[in-house]
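Subject: Structure handover

Hello,

Here is the structure for your files. My notes come after it.

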Amino acid sequence: MAAIATDLPQQRAATSVEPSKMNAGVKVLTESTDLKSIPSEFSFVNEPTGSYSDSIPIIDFSLLTSGNPDQRSKVIQELGKACEEWGFFVLVNHGIQETLMKATIEGALEFFDLPEDEKRKYEAKHVSDPHQTYVRPEFHYPRKPQNLREIIFEYAERSRFVARTLLQGMSENLGLEEGYVEEILKLDSMFQLFAVNYYPPCPQPDQAIGLPPHTDHGLLTFLIHNGVAGLQIQHNGKWFNTNSPQNSILVNTADQLEIFSNGKYKSVKHRAVVNNQATRISVVIANGPAPDAIVGPASPLVQRDGRPLYRPFKYIEYVETQLSNTVDGKVNLDYAKIQDN
């Protein structure tokens, strides 16, 4: 995932563009009238996208908070199935106001419209530098645009409630005792990373990539966008386009949840593709355990399965390792797996 000050996709302008513009970010480059192609050193060969009749599962959040035990039991089963078979689902009726989601996306666009010199003030100097991205346990965010700071604070807070409620349902689906996930993962101090990806129109979308295939480091990642699709997920070995209704949230189970569930839930590869027609903006909230939480397979699941399938890690160390490496597949998660002798 990219920090808010990162212009995507991963491409640069044709060699005829002035070097000063090449250093200014993709947004500036795409606004240049002489951008017509991508130089070969920045081209990316995309794997083909499969054709599917299947669709990503839809989870009705309101049933999870319903007082009707039959409805709650049914949606918890659906939630578990989505995490096991897809690692992605579309969340509807989540209770976050549409006006707040729209304001979040519009505020993010305002940030990218700031002068380049202003945006550079918020560039992170190190992967653990909280500038503009870490919004929990402590809130760090740019002071401009001024209204965006308050909007992101509220959006992160409401997302946190939704994430914790989903995790409680997943914990129940895994057969864990009430309160177990909150205690072990220290969710009262849970980590949240806020990111915005800006994907301007690309002159050669078949030769570029918005974000290469990767998995996410946390527990649950929430994604909303400005109505321009571009996220693809890997399902049964093939790439699958995602479509989500207005005011819904795309949710994916991330690395820590695969580890915590001892492999029952899946953290699947996903990528962002670009187009030559419209700018796409995606807003991401990565919800994770507390930074100092030691995350490994849940003990009751290890006892049930017979052995742990993953090594334990301190969560913040896992985050820093992943963010300091080139995004390219499941490097961290593969390393965390305990190999059979």
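Predicted model: local features only at pLDDT ≥ 70, side-chain atom pairs only at ≥ 80, totals over all residues.

Residues are numbered from 1 along each chain as its sequence is written, and side-chain values use heavy atoms, with hydrogens and water left out.

Cores

The largest nonpolar core holds 82 residues. A nonpolar core here is a set of buried Ala, Val, Leu, Ile, Met, Phe, Trp, Tyr and Cys residues joined through side-chain atoms within 4.5 Å; buried means under 20% relative accessible area, exposed over 50%, and partly exposed in between, with a 1.4 Å probe and protein chains only. The residues with the most contacts inside this core are F89, L91, Y155, L166, M170, F194 and F222. Its largest share, 10 residues, comes from helix 7 (residues 146-173). Helices (H or I, at least four residues) and strands (E, at least two) are DSSP runs numbered from the N terminus. Apart from this core lies another, of 6 residues, including Y199, C202, L211 and V274.

Leaving aside neighbours within four places in sequence, L166 is in contact (heavy atoms within 4.5 Å) with F61, L64, L79, F89, L91, L220 and F222.

Helix 4 and helix 7

Helix 4 (residues 69-85) packs on helix 7 at an angle of about 85°, and the axes are 9 Å apart. Axes are lines fitted to C-alpha atoms, for helices over the stretch in contact, and angles run from 0 to 180 degrees between N-to-C directions. The two helices are therefore roughly perpendicular (65 to 115 degrees; under 35 is roughly parallel, over 145 roughly antiparallel, and the rest oblique). On the helix 4 side the contact involves R72, I76, Q77, L79, G80, C83 and E84, and on the helix 7 side L166, G169, M170, E172 and N173.

T165

T165 also sits in helix 7. T165 counts as buried because its relative accessibility is 11%. Not counting residues up to four places away in sequence, T165 touches F61, L64 and T65. F61 is 104 residues from T165 along the chain, yet their C-alpha atoms are separated by 8.9 Å.

S248

S248 is in the loop between strand 8 (238-241) and strand 9 (249-253). With a relative accessible area of 6%, S248 is buried. Beyond four places in sequence, S248 touches V90, L91, V92, H94, M101 and I224.

Regards
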